[in-house]
Amino acid sequence: MLTFTRRRSLGTALALLFSTAVPVAHADPANVPVIWDGKKMFESFQNEATGISSKGPAGRPKAYVAFDTQCRDCWHLHRKLEPFLDKIEFVFCPISFMNIHSEPQATTILIDKDPLAKLNEHFEHFSDIDFRGIRYGKVEDLPVDVRDKVWVNTKLHRRAGCRAVPYGVFKNSKGQYLPFDERLTVEELKTLFEL
């Protein structure tokens with residue numbers, strides 16, 4: 001007798017969702033935790049998170065991406081999303097998940113006069129041998145209110161059931177909340193974003 005668990009039900013639902021898409025080169029789908037709530041993630045990040053919006057035409061559909069400045073997979077996802085910046089508005093929401101540099105780097109990016117340029121600078125220096133990403137000043141000199149915003153993002157990420165970074169959510173034209181991460185190919189991301 002076959003028993004259905006929440007994990008199996010979610011896996012079946014995702015398999016059905018992706019099976020209706022146009023066939024593309026296959027990669028593993030986003031690693032979806034059993035307790036992940038896409039609607040909760042999308043709405044809480046939309047209403048409560050602090051993020052950095054990608055530049056492009058107004059009125060694009062939005063996708064929210066939780067990322068950690070110290071995460072190599074986040075760097076990979078960021079690069080994969082570049083072809084879609086003119087069609088999708090990505091809101092990059094930094095969280096503190098990986099190590100002691102995550103929160104001060106995120107705060108340094110958020111307080112910059114041009115946070116998107118600072119984020120891009122960070123990723124340009126991600127592979128530096130001596131230190132991963134941008135440098136920051138004394139932690140005690142960083143504004144507490146902005147540091148708190150990074151922690152709010154972190155709590156929202158956790159409360160939506162996310163268990164890793166990067167983790168993104170996109171609400172498609174059918175009202176479905178679709179997860180995405182660095183494991184999807186550029187072609188699979190294109191399909192997910194309905195492009």
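**Salt bridges and a positive patch**

Biologist: How many salt bridges are counted in this predicted model?

Modeller: The count comes to five salt bridges.

Biologist: What makes the contact of Glu43 with Lys39 a salt bridge?

Modeller: The closest N and O atoms of Glu43 and Lys39 are 3.2 Å apart. A salt bridge requires a side-chain nitrogen of Lys or Arg within 4 Å of a carboxyl oxygen of Asp or Glu, so the pair qualifies. The two residues lie four residues apart in helix α2, which means that about one helical turn separates them.

Biologist: Why is Glu43 called partly exposed?

Modeller: Its relative accessibility is 29%. Buried means under 20% and exposed means over 50%, so Glu43 falls in between. Lys39, with a relative accessible area of 44%, is therefore partly exposed as well.

Biologist: Which parts of the chain does the salt bridge of Asp114 and Lys55 link?

Modeller: The side chains of Asp114 and Lys55 meet at 4.0 Å, N to O. This pair links distant parts of the chain, 59 residues apart: Asp114 is in the loop between α4 and α5, and Lys55 is in the loop between β1 and β2.

Biologist: Why is Lys55 called exposed?

Modeller: Lys55 has 59% relative accessibility, and exposed means over 50%, so the term applies.

Biologist: Which residues gather in the patch of positive charge on the surface?

Modeller: They are Lys40, Lys155, Arg158, Arg159 and Arg163. Helix α6 gives the most to this patch, with three residues. Lys40 is found in helix α2.

Definitions and conventions: Residues are numbered from 1 along each chain as its sequence is written. This is a predicted model: local features need pLDDT of at least 70, side-chain atom pairs count only at pLDDT 80 or more; totals for chains, interfaces and linings use all residues. Side-chain values use heavy atoms; hydrogens and water are left out. Patches are made of residues with over 30% relative accessible area and no salt bridge: like charges are joined within 9 Å, nonpolar side chains (Val, Leu, Ile, Met, Phe, Trp, Tyr) within 5 Å. Accessible areas come from the Shrake-Rupley method with a 1.4 Å probe; for residues, only the protein chains shown count as cover. Lys and Arg count as positive and Asp and Glu as negative; His and the chain ends are not counted. The place of a charge is taken as NZ of Lys, CZ of Arg, CG of Asp or CD of Glu. Buried means under 20% relative accessible area, exposed over 50%, partly exposed in between (1.4 Å probe, protein chains only).
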